[in-house]
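Here is a short briefing to read alongside the sequence and the 3D view.

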Amino acid sequence: MINSTSPFTRQQLSTAQVMQAVMIAMVPGIATLIWMFGWGSLVQIALGTLTALLCEGIIMYLRKRPVSFYLKDSSALVTAWLLALSIPPYAPWWLIVIGTAFSIIFAKQIYGGLGYNPFNPAMVGYALLLVALPVPMTQWTTPATAMTSPDFMTGLHYIFEGSLLLPDAITSATPLDVVRHKGATSIAELWQQNTSLVSIWPAWIWLSLAWVLGGLYMLYRRIITWHIPVALVASLAITSGVYYLMNPGHHASPVFHLMAGATMFGAFFIATDPVTAATSNKGKLIYGAGIGVLLFVIRTWGNYPDAIAFSVLLMNLAAPFLDYYTQPRTYGHRRAKRGLPKKS
C-alpha cells in the first residue's frame, strides 16, 4: 500500500552503480574489438585503469580527501575505459598513460572533481592526443575479417616496444580515413577500386552494432535516456542524407556515416555523460542534434576524419546555455493565462 502522494520517484542508483552499469554495457564492444583487432584494447584498458586510479588517488590525497571513498565511485575507471577504447589497440603504452593522466588531472580534478568538470574528461584527453600525436593515433590494425590479428604476446611487443613501427601488413586506415582522402575519386569508384575498404567495412559494422547493444542495455537500466542518442543519430542521418541526395558521387551515404568510426560509441557512451551534457529533455534533443550536425561538418570539411571528440566538446560549451533556456516548468507551478496577471 502506498501512503505517500504523487509525484512518485524511483530509488536513485549510486554513482558507483551507474558507473559499473556503464562498464558492463561496454562489454559487447570490448569483446568485438578483441575479436576483430586482437588483444590490444584489453591491454590499453588495463594501462588506462592503473593510470586513472593512481592519478585520482594522488589528487585526492593532496586535496586531503578520503582516497578510497572517491576511488570506489568508479568514475575514473569509466574515463580510462572510454579513452582506451577510442585509441588504436596497438598504440604505444605511453599514449594511453599521457591521455588518461591529462583527462583525470586537468579535465576533471582541476575543476573540483566529478560533477564540476564542464568538459567530458575522456574526450579532452583524446583531443589532446589526436592534435599533439596524430601518427600513433591513426595506426589502426587490419580487422581479423581480412587478416589474422597479432597474438597476445606479439601485441604486447608492439605496445611496449615497437608500436610506432607496426608492419604495413597489419595496419590499415579506418573507413572514414579512406573516404576523407579519396581525392577526386567518386564514392562508387572508391568502393570498386579500394579492396581494403571493402574488407574492413564489415568489422566496423559489427563494432557499431555492439555499441548499440550496450546502449540498449543502458536504456533498459535507465542509466541514460533516449533523447541524446536518437537526436544525434537522426541529425547525422538527415544532414548526411541531404548532401548524399544532392551529390551521391562525392558524399557518403547516411548508413556509412552511422556505421563508420565512433558514431554509435559516441552517441550512447560519450555524448550521454550526465555531468557535461544538457539535462532537460528538450535541451538533450538540441544537444544531441548539434553533435550530429557537427560530426558531419567536421568529417566533410574539417581536418579530422572522425570528429566525435571535437563535436562533443563544442556542445559541452553550449550545455549550460541549453539548460538555462530549456528548463522544465517547476512541478506545481501554474502558468498565468494569456493576457491575465499571475495570481499572487
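S75 belongs to helix α5, which covers residues 75-84. With a relative accessible area of 4%, below the 20% cut-off, S75 counts as buried. Leaving aside residues up to four places away in sequence, S75 touches M19, E56, K108 and L114. Please bear in mind that this is a predicted model.

**The salt bridges**

- How many salt bridges does a search of the whole structure find? The search finds two.
- One of them joins the side chains of E56 and K108, with an N to O distance of 2.9 Å. Since E56 sits in helix α3 and K108 in the loop between α6 (93-105) and α7, this pair ties together parts that are 52 residues apart in sequence.
- E56 and K108 are both buried, and both are also among the residues that S75 touches.
- D306 and R299 form a salt bridge too, and their closest N and O atoms are 3.0 Å apart.
- D306 has a relative accessible area of 18%, so it is buried. R299 is buried as well, with a value of 5%.

**Helix α16**

- Helix α16 runs over residues 308-325, which makes 18 residues. From its first C-alpha to its last it reaches 25 Å, close to the 26 Å expected at 1.5 Å a residue.
- Where does α16 bend? The bend is at A318 and amounts to about 40°. A proline, P320, follows within four residues of that point.
- The buried residues of α16 are I308, A309, F310, S311, V312, L313, M315, N316, A319 and L322.

**Positive phi in two loops**

- K64 is not a glycine, yet its phi is positive, at about 60°. You will find K64 in the loop between α3 (40-62) and α4 (67-71).
- Is K64 buried or exposed? K64 counts as exposed because its relative accessibility is 73%, over the 50% cut-off.
- R222 is another residue other than glycine with a positive phi, in this case near 60°. R222 is placed in the loop between α11 (195-220) and α12 (227-246).
- R222 has a relative accessible area of 57%, so it is exposed.

**A nonpolar patch on the surface**

- Four residues, W39, L42, F152 and M153, form a nonpolar patch on the surface. Together they have about 410 Å² of accessible area.
- M153 is part of helix α8, residues 152-162. Its relative accessibility is 58%, so M153 counts as exposed.

**The chain as a whole**

- The chain has 16 helices and two strands.
- What share of the 344 residues in the chain is buried? Buried residues make up 51%.
- Among contacts in the chain with a separation of 6 or more, 78% are between residues 24 or more positions apart.

Key
Residues are numbered from 1 along each chain as its sequence is written. This is a predicted model: local features need pLDDT of at least 70, side-chain atom pairs count only at pLDDT 80 or more; totals for chains, interfaces and linings use all residues. Side-chain values use heavy atoms; hydrogens and water are left out. Patches are made of residues with over 30% relative accessible area and no salt bridge: like charges are joined within 9 Å, nonpolar side chains (Val, Leu, Ile, Met, Phe, Trp, Tyr) within 5 Å. Accessible areas come from the Shrake-Rupley method with a 1.4 Å probe; for residues, only the protein chains shown count as cover. Buried means under 20% relative accessible area, exposed over 50%, partly exposed in between (1.4 Å probe, protein chains only). The expected span of a helix is 1.5 Å times one less than its number of residues. The bend at a residue is the angle between axes fitted to the seven residues ending there and the seven starting there. Contact means heavy atoms within 4.5 Å.
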